[in-house]
Amino acid sequence: MSPRQLHLLSLMATRARGEVGQISAQIGALRHREMQQFDMADRLGRLLEETAQAPAQPMTRGELNAAQFMGRTLVQHLQDTRSQMAQTREERTALEADLSHQARRQTVLDARTDETRRALHRARFDAQDSATPPRRRG
């Protein structure tokens, strides 16, 4: 391989390292978002449990309508949060697969770069060794 090909391999490996870093950052952001969504779902679940308890006194029709509206709203928000959690989990899983692929690609490119670099050094050494005349004894 030529020095130009070695340079291209080095650039490709550097780019792969950058992509691995970028994907890792995206996965971290998705994990953070997942934690926030889990906390929100937990809070909504607790609120729903609190509103589901029977009141100590009979409710008027207006209070009953307001409580039903609040219950429906909480259930809807909880369902929305759970679907967002599922979507975030799917995105994170896809990014983790992409990260694995990019990490393998980076490893292969680094190995090929090192192998090419060693082959070029060997070729240069062999060329220098054959260019120098043998020493005469005597």
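Once residues up to four places away in sequence are set aside, Gln-106 touches Ala-13, Ala-16, Arg-17 and Val-20, where contact means heavy atoms within 4.5 Å. The model is a predicted one, in which local features need pLDDT of at least 70 and side-chain atom pairs count only at pLDDT 80 or more, while totals for chains, interfaces and linings use all residues. Residues are numbered from 1 along each chain as its sequence is written, and side-chain values use heavy atoms, with hydrogens and water left out.

Gln-106 belongs to helix H2, which covers residues 61–131; helices (H or I, at least four residues) and strands (E, at least two) are DSSP runs, numbered from the N terminus. Arg-17, one of the residues that Gln-106 touches, stands 89 residues from Gln-106 along the chain, yet their C-alpha atoms are separated by 6.3 Å. Gln-106 counts as buried because its relative accessibility is 16%, given that buried means under 20% relative accessible area, exposed over 50%, and partly exposed in between (1.4 Å probe, protein chains only).

Buried residues make up 19% of the 138 residues. Of the contacts with a separation of 6 or more, 95% come from residues 24 or more positions apart.

Helix H1 takes in residues 3–52, which makes 50 residues, and reaches 73 Å from its first C-alpha to its last, close to the 74 Å expected at 1.5 Å a residue, the expected span being 1.5 Å times one less than the number of residues. The buried residues of H1 include Leu-6, Leu-9, Ala-13, Ala-16, Val-20, Ile-23 and Ile-27. An α-helix has 3.6 residues a turn, so residues three or four places apart point the same way.

Further along H1, Glu-34 is also buried, because its relative accessible area is 14%. Leaving aside neighbours within four places in sequence, Glu-34 is in contact with Met-85, Thr-88, Arg-89 and Arg-92.

Back in helix H2, Thr-113 is buried, because its relative accessible area is 5%. With residues up to four places away in sequence not counted, Thr-113 touches Leu-6, Leu-9, Ser-10 and Ala-13, and Ala-13 is also touched by Gln-106.

Glu-96, likewise placed in H2, counts as partly exposed because its relative accessibility is 27%, and beyond four places in sequence it touches Ile-27 and Arg-31. Between Glu-96 and Arg-118 there are 22 residues of separation in sequence and 33 Å in space, C-alpha to C-alpha. Ser-24, which lies in H1, is partly exposed as well, because its relative accessibility is 34%.

The surface and the charges complete the picture. The chain exposes about 10900 Å², of which carbon and sulfur atoms supply 55%, with areas from the Shrake-Rupley method and a 1.4 Å probe; for residues, only the protein chains shown count as cover. The mean positions of the 22 positive and 17 negative charges are 12 Å apart, where Lys and Arg count as positive and Asp and Glu as negative, His and the chain ends not being counted, and where the place of a charge is NZ of Lys, CZ of Arg, CG of Asp or CD of Glu.
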